[in-house]
Amino acid sequence: MSRQPDVPSSMVFLPHEGLSGLLDHLRSEGYRCLGPVVRDGAIQMEPVAHPDAFPIGFRDRQEKGTYALEDAGDARMFAFANGPQGLKPWLFSPRETLWHVARRGTALAFEPAEIDAAPLAVIGIRSCDLAAIAIQDRHFLGGARPDPAYAARRGGLFVVAVNCTHAGPTCFCVSTGDGPAARAGFDVALTELEDGFVAAAGSERGERALAGLGLAPAGGAREAAAHERVAAAGSAQTRSLPGRDLQAALLANLLHPRWEAVAGRCLSCGNCTLVCPTCFCHCEREEVSSGGASAEHYREWDSCFSEGHAFIHGLQVRPDIRSRYRQWLTHKLGGWHDQFGRSGCVGCGRCITWCPVGIDITEEAAAVCGAATP
Ligand code: SF4
Ligand code: SF4
C-alpha cells in the first residue's frame, strides 16, 4: 500500500491565537463560518463565531458501533478524527423544498423554492471529506442539468482543510487513496502542531486570506514536524479495503453466503448511508396544506436500506435485508466505478463507527471479495 502523506508548499506558521484573525477575515469577505464543535456528545460541524468554540483538547474514541469524547486538557484544536457528519448536510440538505404549487382559480401556479446559499467558509474539513465533496460534485453538477441548490451552495464555499494528525481506529483513507493529507479542493490547508498550524494556500483567495494575517514562514523544523505528524496518522491506520476497484470481485460473488450472514446482523436502519459523505440517495414527496389549496414539493435523504426506496411501480425490488446490504456494497464499491470512475468509499470509517451493531465495511468487503484485489 502506498503511503505518501504530504502537506502543501509555501508554508507559513499560524499560531493558535491567530486563527481568530482568519475567521475575522472570512467574515469580512461575507462568509458565514462553520467549524467543529462538541454537541450532543459528538464533534459536529456548526456555525462558529470564534475558535474558542472548537473542541480544544478533545480526543475521540471510535470503534465498531462506538463513539466517545475525552478531554485531554491540551491546546490542540483538531486532534480528533471525523465526527458523524462531513459537509454533506450543508451542501445537500437533509430536507429541502424544491417548489411550491397553489391553486389560482382553476389553474395551478408553480414557484421554485428560494435557495439559501449564503457563502460558507468551513474550517477543519478533512481529506476524506474533500474527496467526498469531489464525488458529490460529479453527481450533482456533472450532468446536463446541475442541481441548482447544490450548485449555489458549492459556488459559495471557502474550504480551510485540516490535515489529519490523529487517525481514528475506524479510518482507512490511506487504502482508498483519499488521505490523510488534503491535496486538492481547499483554499487553505492547516497541519496542527502544539502551538499552532503550519498553513499553506491552495487557491488565490486562500493566498489572500493568509497574506492578510502577516504570518512568518513556518521554517524547516515546523514543516518537517508537520510532515511527520501527517505521515504518522497514515501509518497508524489498521483497517483497509482489499482493493480500490472491487467491482469485478463483488459482481462475481452476488450469491456469496456472506450476504446472508451480514443480513442476520444488519437492522436495515440506514445509519451507514446517512453518515456516509458520498451517499446521495433521496426521495421526493408532497406536503399538502390542510385545505388542499397549496402544496410543497420537497426532497429528503433516503437510504437503499429503506423499504420504500426499493418500491418501484408496485414492485418491491429488494424485499429483504440481504438484497439491500448487497445493493449498498456493490453500488458503493462497484457500480460507482461506472458512474464516477472510482469507488464511492473515501475511507472515512463513519459507517463502521455509527452502525449500531458494528458492521464493518472493510470486513464485509474482504469476506465477499476474498484475497486482495489489485
Ligand atoms: S462507505 Fe463508510 S467508510 Fe466509505 S465513505 Fe461511506 S461512510 Fe465512509
Ligand atoms: S449496516 Fe449497520 S448502519 Fe447500515 S443499515 Fe445495517 S445495521 Fe444499520
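Ile-125 counts as buried because 27 C-beta neighbours lie inside 10 Å (buried: 20 or more other C-beta atoms within 10 Å of its own, with C-beta atoms placed from the backbone). This residue belongs to strand 8, residues 120-125 (strands are DSSP runs of E of at least two residues, and helices runs of H or I of at least four, numbered from the N terminus). Leaving aside residues up to four places away in sequence, Ile-125 touches Leu-87, Leu-130, Val-159 and Ala-161, where contact requires C-beta atoms, placed from the backbone, within 7 Å.

The model is predicted, so that local features need pLDDT of at least 70 and side-chain atom pairs count only at pLDDT 80 or more, whereas totals for chains, interfaces and linings use all residues. Residues are numbered from 1 along each chain as its sequence is written, and chains are lettered from A and ligands numbered from 1 in the order in which they are written.

The protein chain is divided into domain 1 (12-235) and domain 2 (247-369), with bounds from an automatic or database domain assignment. In all, 38 residues of domain 1 are in contact with 31 residues of domain 2. On the side of domain 1 that touches domain 2, two or more residues come from each of strand 5 (66-71), strand 6 (95-104), helix 3 (127-141) and helix 5 (173-176), and strand 6 gives the most, with nine residues.

Ligand 2 is surrounded by residues including Cys-266, Cys-269, Cys-272 and Cys-355, each near the ligand in the sense of a C-beta atom, placed from the backbone, within 6 Å.

Note on methods: Contact = placed C-beta atoms within 7 Å. Buried ≥ 20, exposed ≤ 12 C-beta atoms within 10 Å, placed from the backbone.
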